[in-house]
Amino acid sequence: MAAAAMLALVVGEPSPNSEASSHRDAPLITEDPTADNTDVYAFVSSEPGRQDHVTLISNFIPLEEPGDGPNYYRFSDNVLYEIKVDTNGDAKADLTYQFDFSTQIGAITPNTFLYNTGKIGLPPDPGDPSSQYTNLNQPQSYVVTEIGASNKRGNDGDGGDDDDRGQSQVLLRNARVAPIHIGPSSTGTPEEYETLANAAVHTVGSSPNDIRVFAGPRDEGFYVDLMGNFDLLNLRDPGVDTTSGFNVHTIAIEIPKSRLAAAGDTDGVIGVWSSASRRKGSVLRDDDESDHSGKMVQVSRLGNPLVNEVLIPLGFKDKFNATQPKSDAKNIEDFIVNPGSSQGGAALVPLLNGVTGCTPTDGRVDLQAVLLQGIAAGTLGLPGTRDTQRDGGPVSADVLHLNTNVAPTTGTGSYSPLGAFGGDVAGFPNGRRVGDDVLDIDARAAAGAILHLLGAINCPASLGISDNVQSNDVPYLDHFPYLGLPHQGYNHEHDHGVSVFSAATLGMGLLGFILAIAVAGPGAIGAVRRRLRG
């Protein structure tokens with residue numbers, strides 16, 4: 001089949017309307033870590049008896065050091081955290097779940113420096129979400145609100161109509177947040193801490209239409225060699241999972257599929273992203289208090305892993321965080337579809353071409369499909385993640401595209417962290433599960449692996465791109481909220497999970513290798529290509 005025809009199979013006819021594991025992905029958000037989106041997940045629940053539900057997760061506060069007390073990391077009282085769902089392919093939220101936090105400083109006594117005044121115990125009434133843990137001197141609680149088609153309080157942005165709001169209802173009020181995993185004297189054994197954390201899973205309603213919610217610290221579940229990749233030319237073999245031993249703060253909500261249908265989903269395909277917003281005005285007073293006023297302004301957002309971190313150029317990253325998915329067609333689509341002509345030779349895809357010698361640098365409708373529009377049903381035998389409800393096709397938008405009709409992969413023999421590249425169609429880019437190896441998947445896709453598998457190009461080197469950090473340091477859970485338990489502050493370690501890099505990256509971290517190539521110039525590219533070809 002001709003290349004053009006193969007590309008048409010990926011995305012169908014071009015649409016006229018033609019969000020990353022991202023840690024510190026833009027200059028401004030590095031100054032505001034409590035509002036920094038790190039990862040978004042969306043998948044059909046795999047817990048037995050829960051496959052009629054969908055789990056949505058968003059992580060914030062990148063690379064938390066577990067022992068960083070006595071004022072440990074926490075959700076900000078002045079940030080509105082949101083998970084959003086598009087049910088019809090127009091890149092606008094049809095369902096929004098807002099998490100609004102409050103902190104009590106010195107709840108037991110202000111006359112101590114300690115986070116807790118004794119060993120933290122279970123709430124007196126665990127069945128009451130508002131009943132707080134005992135001996136916790138800085139407890140957090142939150143309100144969860146579900147909002148329909150638009151959000152009066154939140155920031156629709158980009159000329160959106162804030163007056164066109166849907167119905168809202170409070171799902172949870174004053175719900176407790178899981179405590180920090182401090183150490184044996186404060187939070188007991190790992191099993192005792194797990195019991196404390198489980199008490200922060202709250203259920204709203206009754207089966208089969210019940211909703212489950214969680215907020216609190218969890219393990220940083222994105223495994224990758226960050227340090228080897230970003231320390232200039234300080235490349236190493238073997239590589240190391242440098243996110244190991246760190247935590248994040250997680251908001252998670254599990255909703256029944258019936259709720260998606262009630263919000264307008266008729267084909268089972270949804271788009272998911274997350275955002276964080278602050279009040280437009282802040283005033284620091286002389287009495288050490290602060291005032292916050294004005295409408296909410298979005299300061300961070302995230303959909304697909306690694307989009308803002310490595311595909312969006314440095315000069316546009318902050319604007320990306322401030323804009324909405326519905327404007328991605330005009331704002332970022334050219335960066336992704338035509339990275340060579342829109343960004344130049346220092347962009348990720350052209351640099352990958354310098355490594356493989358066969359990666360197309362423009363006309364990348366395959367990346368448009370994977371990241372912005374969803375994949376047409378039948379491509380490489382995959383289920384469709386492309387919404388079929390909108391005339392003219394879905395609006396291009398950086399959202400996770402999830403086909404909720406696809407059953408989760410539960411058997412150990414059929415599950416693959418490489419998702420579709422590993423023959424597991426329930427994984428990324430069909431939504432994203434907590435264990436999906438999204439760096440390898442994204443890097444291979446960017447290098448042209450999908451086009452190679454379709455026969456549109458001959459680029460076998462694209463299939464070998466990997467940093468070969470292949471697993472997380474902490475086991476994921478087989479039940480809600482799925483991310484592993486957070487590391488203990490008293491006893492933890494970093495930089496374990498060593499693995500050997502593949503020949504395709506010549507013993508270097510992928511991004512660090514690309515950076516080395518960019519610095520070393522064309523001569524190094526030639527040497528690499530000769531080595532790859534033997």
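Mentor: Helices (H or I, at least four residues) and strands (E, at least two) are DSSP runs, numbered from the N terminus. This is a predicted model, in which local features need pLDDT of at least 70, side-chain atom pairs count only at pLDDT 80 or more, and totals for chains, interfaces and linings use all residues. Residues are numbered from 1 along each chain as its sequence is written, and side-chain values use heavy atoms, with hydrogens and water left out.

Trainee: Where does Arg 432 lie?

Mentor: Strand β14 covers 400-403 and helix α13 covers 438-447. Arg 432 lies in the loop between β14 and α13.

Trainee: Is Arg 432 buried or exposed?

Mentor: Buried means under 20% relative accessible area, exposed over 50%, and partly exposed in between (1.4 Å probe, protein chains only). Because Arg 432 has a relative accessibility of 1%, Arg 432 counts as buried.

Trainee: With which residue does Arg 432 form a salt bridge?

Mentor: A salt bridge is a side-chain nitrogen of Lys or Arg within 4 Å of a carboxyl oxygen of Asp or Glu. For Arg 432 the closest N and O atoms are 3.0 Å apart, and the partner is Asp 39.

Trainee: How many residues apart in sequence are the parts that Arg 432 and Asp 39 tie together?

Mentor: Arg 432 forms a salt bridge with Asp 39. Arg 432 lies in the loop between β14 and α13 and Asp 39 in strand β1, so the pair ties together parts whose separation in sequence is 393 residues.
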